[in-house]
Amino acid sequence: MSFASSFRSAGALHTLILIPSCLLAGCFWPFDHMPKVVQRITQFMPQHWVLNTISQLQLGHSFGSIYINLMILPEFTAVFFLFSIYKFGRNNDVRNFA
């Protein structure tokens, strides 16, 4: 991670980001049971789109009917990739953990 200075801090930071985002995205309880405000927030989480894609495929939907999900996931990848390029490009400390 570009924000960590050691392997240990990267693991802690990973846990602090991953668990809350999975909780908000609906990995631990159904999306339909969340309040409407939280449902809006989950649409900005990549885990939500992965779970939605998997559930649609399990229900027997074709790839053509879930094309929007399959287009959104690479967009998340591109945004995170560009952010990491920006962050590593501005990093002046060569000793940082990469």
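Is Cys22 buried or exposed? Hi everyone, let's start there. Cys22 is buried, because its relative accessible area is 12%, and the cut-off for buried is under 20%. Please keep in mind that this is a predicted model.

Now, how far is the sulfur of Cys22 from the closest cysteine sulfur? The partner to look at is Cys27, and the two sulfurs are 4.0 Å apart, which is too far for a bond. A disulfide needs the sulfur atoms within 2.5 Å. So Cys27 is in no disulfide either, and the count for the structure is 0 disulfides. Cys27 is partly exposed, with a relative accessible area of 34%, whereas Cys22 is buried.

Helix 3 has 13 residues, and from its first C-alpha to its last it reaches 19 Å. Which residues of helix 3 are buried? They are Gln47, His48, Trp49 and Thr53. These buried residues pack against helix 1 (7-25), helix 2 (36-42) and helix 4. Helix 3 is followed by Gly60, which has a positive phi, near 95 degrees.

Finally, helix 4, covering residues 67-89. The buried residues here are Asn69, Ile72 and Phe76. Where do the buried residues of helix 4 pack? They pack against helix 3 (46-58).

Conventions: Residues numbered from 1 in each chain as written. Predicted model: local features only at pLDDT ≥ 70, side-chain atom pairs only at ≥ 80, totals over all residues. Heavy atoms only, no water. Buried < 20%, exposed > 50% of the residue type's maximum accessible area, 1.4 Å probe, protein only. Helix = DSSP H or I, 4+ residues; strand = E, 2+ residues; numbered from the N terminus. Contact = heavy atoms within 4.5 Å. Expected span 1.5 Å × (residues − 1).
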